[in-house]
Amino acid sequence: MGFPHPSHPKETVVLSRHFGDPAARGFRGWVDRGGYEGLRKALTMSAEEIVAVVKESGLRGRGGAGFPTGLKWSFMPKPSGKPHFLVCNADESEPGTFKDREIIRWTPHQLIEGCAIGCLGIHAERCYIYIRGEFTEPWRILVQAVEEAYANGALGTDVFGSGRRIDVVVHRGAGAYICGEETALMNSIEGKRGNPRIKPPFPAQAGLFGMPTTINNVETLSAVPHILVRGAEWYKGLSLASPKSTGTKLFSVCGHVQRPGNYEVTMGTPMRDLIFDMCGGMRPGRTLKAVVPGGSSVPLMTADEVEDCALDYEGIAAKGSMLGSGGMIVMDDTADLVRVVWRFAKFYAHESCAQCTQCREGTAWTAKVLERILQGKGTAADLQLLQDLAEQMTGKTICVLSDSCAAPVVSAIRKFPAEFEAYLSGRREPVPA
Amino acid sequence: MSHGGHAPAAGEPVAHEPVFTGEVRAKLEALFPKYPTRQACLLPALWLVQEARGWVSEPALAEVAEVLGLTPAYVKGVVTFYTMYHTHPVGRHFIQVCTTSPCGLCGADDVLQAILAHSGCGDLGATSPDGRFTVVEVECLGACGFATPVLVDDDFVEGVTPESVPALLSRYA
Amino acid sequence: MPDPATGVTVTIDGVAVVVPPGTTILEAAKRAGVLVPHYCYHPSLPSPAVCRMCLVEVEKLPKLQPACVTTVADGQVVHVNSATAKQARQGVLEFLLINHPLDCPICDQAGECELQDYVFQEGRSGTRYAEYAKRYSPVEDFGPDILYVPNRCILCTRCVRFMSDVAQAPLLNVSERGDRAYIGIADQQRLDHPWAGNVVDLCPVGSLLSKDFLHKARAWDLDKTASVCPGCTQGCNISIDTRDEVVVRLRPRPNLDVNRHFICDHGRHDYRWLNRGDRLETPRVRRGAALEPEGWPAALDAAADLLRGATGRAVVLASGRASTEALGLARRLVDAHAVTAAIRVPLGDEAPLPAVPGLALRRERVPNLQGAELAGYRDAWDEGIAALDGAGVVLLLDVELTDAERRALGASGAPVLLLGTVDGPECHLATVALPVTNMAEEIGTYVNRDGRVQLYRAAKGAPGMAQPAWWVAGELLERLAPGVAGPATAADAFALVAQGVPALAGLSHGALGFTGRVVALEGAGATA
């Protein structure tokens, strides 16, 4: 459930059970709540067995891509003397998303345990947790938790007396959304500009410092201890709709709802239950206009599309959008969608790393066109131009930042033409420069 | 923790006092075993500089380069990529306000205006005349459900409203 | 289907080629005669695939692929000029132009600009960015010779990669992010590196410029001639660019076995001597106290008489810039004597280009030390000067002497036959002075430190009545040994020289092509 709200009956709290409970933060508190049982069990298993359990569970990447986790772990080569690395992506910067910081600040040991099991699964002895620089409080909490884990034998050269070695290094970012992209993240750890890399080579072959590497999101790794303890079947059972989406997902709901916060639901839960029941629905007198279901990089959804949408990867895809990071932005009839996508475009323009021509220039140009429309100087040709730019910015670059800039713009123009018409026709008051 | 970096008086030549001495040097060396290359210590080393001095000056940048076996040009390319490193002195307290769309929908622009007014800064990026504050707009701070989030130095404050701004700012001397 | 171990078959725009496994689509396309437009790719730099210009359509793959980093797969069918690929390129060009200033009328790169070329070929005919201001930054002096014009920069990062990966001196960076990015240099630093000038050649647009060449000539006014750098024994291949018979610029010419795509700044900037005005332009013969101008026939006769009548030791002092042909034939002129033959080899600091093995600015700052040694000269200048004392005849081949050396020459009392380019004080000491061409005005060969015999060609005309030194020597040989015909061409001169030099046996100008041929050097003749 999401701090500061109490758990809602329609939630299924697994990862978020202890949000809001400061006693869960410490090593002792976590152990008292069943913590580190997963790691102890994993220490008795082979790497192949660990990977098999995670594969069977159907866990998919919770950072945004939804790639099957067990499959990703199985891409790692057999040990050959080269060091393997696990990297935990705690760079949470996708607008609308704020779940990983809660996991870290309330249950840092849940994450540490997940990282340790991950290391065992991929023959790695070191895990780097890359945490964005702005997460000052979660960082302090995490660093302290790592120290505690070492002091109590959960990390170090002889984990729980097993003779195995697991090290965790917390590495602080310094203000770059693009470092949430896995290859840019690796470059950032290596002391370089956060530029995404071309693939191939893939991280499992040549990743961090050129060594075989797996990168996973905070929420993904935090699910692993529970899967180890309670089993793959249990995790698969937590699914209402598609069997391809199992377990629970933390949805960060923000914007125009009564109770914004993090909500943990079984995959397949109806989206309208989340918005209208758990979050208390719209503010008094307001109606739902649009929803961004999975962070700013996914297409907008109309109120109609929300009505019968299931919260899983396939369900949201069926409605023409993506589950992504699960960062849900709810907008009611007071929202100015042109302004919303303009501010998104400004975000992407600010965060572009500058490598690819289409992204470097296209994100800034997109923001400029939208700004002119907001200032009342837009024309119908501008809408066509925005769509042309979006096409040039999609599927042509090293990473998908430029695609992410294009998606909300295109979906807004196509699904909410009235919003743009209001500015073009002069019905809506222009925004001052 | 305040990050005030003071600008030198006009025309005054500034001799660079090395940063990596004593305790700071010890912290830097504690990083070395954690990474297979010195280059990988660059982001943490820059944080040490900013912690100690409030910003990353050109001579400090050159010192980091030397200590890690990199060139100043290389380090500069990295420093200018990441927005959290200050390349010029800022007010004693550095305020970052999120105005990305989710927070924008929840009144972040009003919060920003209130902070600009009450801090005395007036403009984004400018330092207030009394040297107390510098205010900037930043991208998503990852607290969208707790709009509007504001980072003052290392204090992450959630749920700021225009009304709560004066009380917030008064906590910082 | 060919054996994968020996070759991969790929069809590019309808042309099938077989290439080694691991070849990129872009390189395979070259074999098929198809140019894939690109900016950031360069065969001598690591490929980051950032410009996105080289995106091509590959059948059965859903997304366009960057040709510069995608390796070919057997049976692949690639479309470089399909509508989809062209549309993508047009998009890249449009994005590059929105902040690019309309500087063509004042930009040095015009006429040899890859942005102009591709926009003209495939770009949109008008702008859709008219209502917005373009990004602006002032010109920066990276020094010593390099200017950076940020407004024109397309951020291909070739310059950054050259300095960090090839020169292994990361003096340039990309600073900032997004559309605010630019090429930066550290505060208080200069782009002061022996190989830095290459970034100007690498820059596809007019963003990095040479101050030396700034506003000197338009690209389309230039004549370009394949040549070899006369700066040191490395023998980098160059192009001599001339405008109206004046050398205005030297640029590297690709030779994957010698200098790849690069030349050092020393060689690049040392071309002004090729344009010297103080040239020896007429043959001169001493009559009494005065050196009087003569026509070639009479002058050659006088020179032949001088040689015929000489007795005692012959001292030959030659320039290391002289061609193998000239050195070889001049040496033959004194075959009847005991000979001390020396060349002057000024020395400087070595400056390697770390990522290219075997490539460096060499200590020996002459281009043909090896050719001279093969022709019987020694790197023993002081011995040569000492031998002037008591010499029976002195032959000078394009040398300038110090005051002390001139005094030694004057004191020797021997007759002096001078073949020279410069009308200098040496001429006053000559008995016969014959004007010869410099290396930009003739065809000839240099042999580099690895034994590579390379041909250079004439980039401009000879001043006055100057002739190639090989021709002069050939005419004299003919007069000294009737029945021996002097060579009519430089190639004939080379063949004649080769007859007497075992290392050059069987070699001819025709066999040298544009990248030269390596000959085995005997131990005694090899340079350190």
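Me: Which residues does Leu59(A) touch, leaving out those up to four places away in sequence?
Reply: This is a predicted model. Leu59(A) touches Val54(A), Thr69(A) and Gly70(A), and also Thr220(A), Ala223(A), Ile227(A), Tyr235(A), Thr246(A) and Gly247(A).

Me: Is Leu59(A) buried or exposed, and why?
Reply: Count C-beta neighbours inside 10 Å. The cut-off for buried is 20 or more. Leu59(A) has 27, so it counts as buried.

Me: How many Å separate the C-alpha atoms of Leu59(A) and Cys279(A)?
Reply: The C-alpha separation is 26 Å. Along the chain, these two are 220 residues apart.

Me: Now a helix. Which residues of helix 18 of chain A are buried?
Reply: Helix 18 spans residues 417–424, and its buried residues are Glu419(A), Phe420(A) and Tyr423(A). They lie on the same side of helix 18 of chain A, because the arc they cover around the axis is only 90°.

Me: What does the face turned away from the buried side of helix 18 of chain A carry?
Reply: That face has the exposed residues Pro417(A) and Ala418(A).

Me: Which helices do the buried residues of helix 18 of chain A pack against?
Reply: Four partners, each in chain A: helix 14 (337–351), helix 15 (357–374), helix 16 (380–392) and helix 17 (401–415).

Me: What follows helix 18 of chain A?
Reply: Gly426(A) does. The phi of Gly426(A) is positive, near 90°.

Me: On to sheets. How do strands of a sheet pair?
Reply: Through backbone hydrogen bonds, and the pairing is either parallel or antiparallel. In chain A, an open sheet of 5 strands has the order 6-5-9-7-8, with mixed pairing.

Me: Which strands of that chain A sheet stand at the edges?
Reply: Strand 6 (261–266) and strand 8 (301–302) of chain A. Each has a single partner strand, so one side of each has no neighbour in the sheet.

Me: How many bridges join strand 7 of chain A to strand 9 of chain A?
Reply: There are 4 bridges, and the two strands run antiparallel. Strand 7 covers residues 288–292 and strand 9 covers 327–332. For one bridge, look at Leu288(A): its partner in strand 9 of chain A is Asp332(A).

Me: How is chain A divided into domains?
Reply: Into domain 1 (22–237), domain 2 (248–332) and domain 3 (337–424). The C-alpha centres of domain 1 and domain 2 of chain A are 27 Å apart.

Me: How many residues of domain 1 of chain A are in contact with domain 2 of chain A?
Reply: 13 residues of domain 1 meet 17 residues of domain 2. The domain 1 side has 2 nonpolar, 5 polar and 6 charged residues.

Me: Last, chains. How is the size of an interface often given?
Reply: As the accessible area lost when the parts come together. Here we count residues instead. Chain B puts 34 residues in contact with 47 residues of chain A. Helix 2 of chain B gives the most to the chain B side, with 4 residues. That side divides into 22 nonpolar, 9 polar and 3 charged residues.

Me: How many residues of chain C are in contact with chain B?
Reply: 13 residues of chain C, against 9 residues of chain B. Strand 8 of chain C gives the most to the chain C side, with 4 residues. By class, that side has 6 nonpolar, 4 polar and 3 charged residues.

How values were computed:
Residues are numbered from 1 along each chain as its sequence is written. Chains are lettered from A and ligands numbered from 1 in the order in which they are written. This is a predicted model: local features need pLDDT of at least 70, side-chain atom pairs count only at pLDDT 80 or more; totals for chains, interfaces and linings use all residues. A residue is buried if 20 or more other C-beta atoms lie within 10 Å of its own, exposed if 12 or fewer, and partly exposed in between; C-beta atoms are placed from the backbone. Two residues are in contact if their C-beta atoms, placed from the backbone, lie within 7 Å. Ala, Val, Leu, Ile, Met, Phe, Trp, Tyr, Cys and Pro count as nonpolar, Asp, Glu, Lys and Arg as charged, and the others, Gly among them, as polar. The arc is that of the directions from the helix axis to the C-beta atoms. Domain bounds come from an automatic or database domain assignment. Two strands pair if DSSP finds at least two bridges between them.
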